[in-house]
Amino acid sequence: MDVDAIRALAFPPVEHAYVARDTILYALGLGYGADPAELPFVYERDLLAVPAMVNVLAHPGFWAQRPEYGIDWVRLLHAEQAFEIHAPLPATGTVRGEYRIASIEDKGAGKGALLHQDKTLVDVSGGARIATVRSTLFLRGNGGEGGFGDPPAPADPLPDRAPDRTLSIPTLARQALIYRLSGDWNPLHADPDIARKAGFPAPILHGLCTNGIACRAVLAAYADNRPERLRRMFTRFSRPVFPGETIRVEFFETAGGLRFRAVAAERGEVVLDRCSAEIG
């Protein structure tokens, strides 16, 4: 991996115009629409945008696949995702994404590296800042090549007790094939051969799809499906989800705010861990 080339990487701003069809397709990729209470997210009349959509708007593309950076992209996984909402995301509009590589956290030779990337999302029409987004990539095939910057502090463990509330959301066997239409074309989520090369028995669900499903659960359980109430959310990806599995979100109400994890119910494996959300 060429750490110096990655540190010098400058992304041009990315403008992204989106219409009601895009907002609805994103929500359908998260499985919205099975419950009448979710209709505002999938019906163009009085349409609402899922806050987690800030993760996919104005995306710079799968730049880590470019050979000059020396990243083993086949083994790349999403490690963490965080967003803070500064103004409600309009259901339609044009936004601009401004990106930077904040840091690389070298875990050592054979242990991988964590790459932290920040995005500021701005509403082009009025100039208002909509969201700040942080993505952390786990470069499993790299490590021992150096790093830079100040990585964020690791998330605290969850309370060691039973959850206060749970919500189960089933996924479809074709969930990843729907979700990828919102812009994440990594073949790991569609091509069985690529999935096997990456060490998985079958294509896995996008980490950001699991993140969006967690956002869906937070809105339903604690915000009355009102997206303007969600101020921020953080997820840590601990295990992959396979399309068709049921995601059980377990919530812990603490003095410091809402904490949660997600479990692939059929396997009993924690797939999101040490997560948090702030509701206003």
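Here are legends for a few close-up views of this predicted model. Residues are numbered from 1 along each chain as its sequence is written, and side-chain values use heavy atoms, with hydrogens and water left out. Since the model is predicted, local features need pLDDT of at least 70 and side-chain atom pairs count only at pLDDT 80 or more, while totals for chains, interfaces and linings use all residues.

**View 1. Asn211 and its neighbours.** Asn211 is part of helix H5, residues 207–222. (Helices, H or I with at least four residues, and strands, E with at least two, are DSSP runs numbered from the N terminus.) Asn211 has a relative accessible area of 0%, so it counts as buried; that word means under 20%, with exposed over 50% and partly exposed in between, using a 1.4 Å probe and protein chains only. Leaving out residues up to four places away in sequence, Asn211 touches Ala52, Asn55, Gln81, Phe83, Met233, Thr235 and Phe237, where contact means heavy atoms within 4.5 Å. With Thr235 there is also a side-chain polar contact of 2.8 Å. (A polar contact is a pair of N or O atoms within 3.5 Å; within protein, one must be able to donate a hydrogen and the other to accept it, and residues adjacent in sequence count only if both atoms are side-chain atoms.)

View 2. The whole structure holds 8 aromatic pairs. Phe11 is buried at 15% relative accessibility, and Tyr99 is buried at 11%. Ring pairs join Phe11, Trp63, Tyr69 and Tyr99 into a cluster.

**View 3. Arg165 over Tyr222.** The charged end of Arg165 sits over the ring of Tyr222, 4.4 Å from its centre. (That takes NZ of Lys or CZ of Arg within 6 Å of the ring centre and within 35 degrees of the ring normal.)

**View 4. Ala131 in strand E5.** This strand covers residues 129–139. Ala131 is buried, with a relative accessible area of 0%. Beyond four places in sequence, the residues it touches include Val54, Glu84 and His86.

Note on methods:
Rings of Phe, Tyr and Trp (its six-membered ring) pair if their centres lie within 6.5 Å; planes under 30 degrees apart count as stacked, over 60 as edge-to-face and the rest as tilted.
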